[in-house]
Amino acid sequence: AFPECSLKVTGVDFLKSENTRQHHTDGYNIKNLVVRRGQPFKVQVSLSRELRAADKLSLCFSIGENPVKNRGSLLSLKPEREDFNGWKMSVVKKNGNECLLSVTSLPNAPVGKYNLHVKTATNIYKPENGVIYLLFNPWCEDDVVYMANEAHRKEYVLNDTGYIYVGSAYSIYDRPWNYGQFEEFILDACMYLLDKSKLSLADRRDPANVSRAMSALVNANDDNGVLLGSWSGNYVSGTSPMDWIGSVTILQKYYKTKKPVRYGQCWVFAGVLNTVMRCLGVPSRCVSTFEAAHDTEENLRVDVYLNEKGEKLNSLSFDSVWNFHVWNDVWMKRTDVPEGFDGWQAIDSTPQEQSQGLFRCGPCPVKAVREGDVYLPYDSKFVYAEVNADRVYWVVKKVNGKDKYFKVGTETQSIGKNISTKAVGQNRREDITREYKYPEGSKEERKSMQRAYSFIRPSGMVPRSGYASSNVHALGGNTQPSIPKEPVSKSGLHLEITNTDALQPGNPLEMAITVKTSTPGNWTIDLTGSCQLQYYTGKVQANLGTIKETIKLEGTSEMQIPLKIAPDVYMKTLSSLEDEVLILVTAIAEVKETNDKLTKETSMSFEYPPITVQMPETAKLYNDFTCALIFKNKLNVTLENCKLLVEGLGMFKMTTFDQGDIMPGRIMKSEITCTPTRLGEKKIVAKLISNQIKGISTEKAITITE
């Protein structure tokens, strides 16, 4: 053939705006084409002359370091012929020297970055920005991450903001969080993690493998992953976990430095993992469990040790109950386990326990937790214990100079409460406890527990921590997996712990323990009560005060015993800690006549005055608007070293403003100028931090129009 007739490619148009609209990827802030698997996308190829029947034209897609045809890392697509890897290409239309092609990848194609080259008989053309990003596709019925409901896809894949629920079962509150999966460099950071995971191409097809790998890579343990966890209370060499309001800064910094970012705690790990999974196209949600057990021995029991004043002791237990713990659920069909376990799968990137040698957790089918099928991969025993363990209280007393342990209570229903996530399409908390557990005391719950207990051998009633059992009083050495029941007391003894006034820093903490009896008779009750400050991980930071009373009750009656802590007892501790603390009240009641014992604890959060946001309800694209953040210090204590953190995705880059000290009664007003660069509903998220208060959050939405 004469050279002038040989076919050459002169250009490739990736038709970005049309493709990304159809693939729901138009949000990604990136030059390259981003598409989802199993769905056709179009490319327009410009040629040196018209395409003829005899011409050779092929699109070559390659992935990874050294692409090979037979491994599926090199795909060569010819018109109307299915590649042996299952991808298809067809000519949609020819118009002079222009040729419109349609490419369909497999619904289980490996996700990642593909290089595109266009080949003719004599020529290879490498287009500019020729790297195509291929993601999971919840819109494609044949993809294992398929989600049928459009509102659910909007929330769990496309929503880039949300709330993470924290606090305690007694007082749950929401923390706004910017996931920001579409922001600059976030997709690249996720692709870097995917490469770093060393998953084989075959493993990149399956979201179960990908989500397990990401749960390992979001923490820095083992693999120099994204976030270094720290609960030390000293964060000078990094950013305090309380000082983040979203994942964007963290992932951008990690991608730039390739070094772990300091520091994270559970909600930060969950926020970042949620960003990563949504960014890769796997439906994902942050899940908060209140009173979550960290059961290191998988014996479904957490022991709590108290001294004789009723104060919780830190040192004796390896196990702990966290006031809240946040992990993630990801949505997929599981092809690696028996049928019936599709849907939500729990994954957790907070480094708590190793799983097969690495700090990672999941995916564990949420249905397996509910049904008690705790033999299923991955880590279902650990997740089951987090929401189902029993709590056993022991008082440590010195007897003849030796520590002896007395059991003062067992709770079988206090762990795994109020399991929460953000509701679909609404700014409110949705309780999803029922997805994780059957109702307490129901027939199904009994069955599920019996099933779980056949796979986990709970220990007999002996205090753990390696104390010799000769010190243990009145305990059966029963190792049969009998399911513990809550002891029923003869006096119908019941305890309630409440606050009787708002718990505001700088004010006295006013609480009460209510003792109730409900059966006929005269009862003499010894009540021991204590108040402490603790981290959300259950670690005690300060003892604030105790009470001891003997009260008499008759029949069905109750008595309220006040517990009051003066401000000067706790304010110094509060100001010196870097973490947020909760107020822990523990009560032990012993009925003299029957020897019934009951222990109850309640954790409460401090209450803060709000930040208000003033800005218009709508704004036009690229037209600046002013946003004012206003805070009035209604507390009677000066807030020292105040910092205001503000971020608005697509409007305002994350910025920290120093506000100095804010005296009681004073008003802080901060004005910022926002430039909206994207359409739709956008949010401003703000947080105020000081020595005394570790975080008052707020957010407000604005609609951006053309």
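**View 1. The open sheet of six antiparallel strands, in the order E21-E18-E17-E15-E24-E25.** This is a predicted model, in which local features need pLDDT of at least 70, side-chain atom pairs count only at pLDDT 80 or more, and totals for chains, interfaces and linings use all residues. Residues are numbered from 1 along each chain as its sequence is written, and side-chain values use heavy atoms, with hydrogens and water left out. Strands (E, at least two residues) and helices (H or I, at least four) are DSSP runs numbered from the N terminus; two strands pair if DSSP finds at least two bridges between them. Strands E21 (364-365) and E25 (429-431) are the edges, each pairing on one side only.

**View 2. The pairing of strands E24 and E25.** Strand E24 (residues 417-422) runs antiparallel to E25, with three bridges between them. Threonine 421 has glutamate 430 of E25 as its bridge partner.

**View 3. The annotated binding site at Asn388, Asp390, Glu440 and Glu445.** The "binding site" label comes from an unreviewed UniProt entry; positions follow the numbering used here, feature names are shortened, and annotations may be inferred rather than shown by experiment. The residues span 58 positions in sequence, but no two of their C-alpha atoms are more than 14.4 Å apart, so they gather at one spot.

**View 4. Aspartate 390 and glutamate 445.** Aspartate 390, in strand E22 (residues 390-399), is buried at 5% relative accessible area (buried: under 20%, 1.4 Å probe, protein chains only; exposed: over 50%; partly exposed: in between). Glutamate 445, in helix H10 (residues 443-455), is also buried, at 10%.
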